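Good morning, and thank you for making time for this item. Please have the sequence and the model in view as I speak.

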Amino acid sequence: MTFKEKIVNHHLTLLQDKIDVYRDMISGLADDAQNDAKSSAGDKHETALSMMHLEQEKLSAKLQEAIKFKAILSKIDASVSGKIIAVGSLVKANGLQLFISAALPKITIDGVSVLALSPQSPLGSQILGKQIGDTVEVNGSRFVIEDVL
């Protein structure tokens, strides 16, 4: 398995774990709301139900974001590499390993730290379409493209 394939698989696993946790939490809140509805009445009951509903909405938004990121990653063919930076490229710039995909947590694979960047992020949008040797400047920092996989 290539380094880039390991990165994609690791992020997919992390995202699936998040999706499972969010679904379990949403299901638990729904069960709690149903059980609470059977045994309570009054203002406290209405407040508790309202709080549970708000929490469900927050979790649903996080769930949708995780599903969206997983869909983006699932479309990336990690076996493909090109000289021009695009979504799915693994870029070495200023000694950093940057994976152009979605805004995901920093991970370490085989002892190497990898930052996943959204193509819409300031740095991600600047390096799209660039190649080895090109430079970009973002927020006063200059980045030199050292390698593209």
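How many bridges join strand E3 to strand E4? Four bridges join E3, residues 104–109, to E4, residues 112–117, and the two strands run antiparallel. Strands pair here if DSSP finds at least two bridges between them. Helices (H or I, at least four residues) and strands (E, at least two) are DSSP runs, numbered from the N terminus.

Before I continue, a word on the source. This is a predicted model, in which local features need pLDDT of at least 70 and side-chain atom pairs count only at pLDDT 80 or more, while totals for chains, interfaces and linings use all residues. Residues are numbered from 1 along each chain as its sequence is written, and side-chain values use heavy atoms, with hydrogens and water left out.

To return to the pair, Ile109 stands opposite Val112 in E4. E3 and E4 form a hairpin with two residues between them, and Asp110 in that turn has a positive phi of about 50°.

The protein chain as a whole has three helices and six strands. Read from the N terminus, its elements run α-α-β-β-β-β-α-β-β. Its C-alpha trace spans about 70 × 35 × 25 Å along the principal axes. The radius of gyration, taken over C-alpha atoms, is 21 Å, whereas a compact globule of 149 residues would have one near 15 Å. That globule rule is 2.2 Å times the number of residues to the power 0.38.

What of the interior? Buried residues make up 34% of the 149 residues; buried means under 20% relative accessible area, exposed over 50%, and partly exposed in between, with a 1.4 Å probe and protein chains only. A nonpolar core is a set of buried Ala, Val, Leu, Ile, Met, Phe, Trp, Tyr and Cys residues joined through side-chain atoms within 4.5 Å. The largest such core has 25 residues, and among those with the most contacts inside it are Val8, Leu73 and Phe99. H1 (3–39), H2 (43–74), E3 and E4 each supply at least two residues of this core, and the largest share, nine residues, comes from H1. A second, separate core of 13 residues includes Leu98, Ile100, Leu117 and Val148.

Val8 touches Leu73, Ile76, Ala78 and Phe99, not counting residues up to four places away in sequence; contact means heavy atoms within 4.5 Å.

Two single residues remain. Beyond its neighbours within four places in sequence, Ser101 is in contact with residues including Ile72, Val87 and Pro119. Gly28, found in helix H1, is partly exposed, with a relative accessible area of 25%. Gly28 and Glu55 are 27 residues apart in sequence and 11 Å apart in space, C-alpha to C-alpha.
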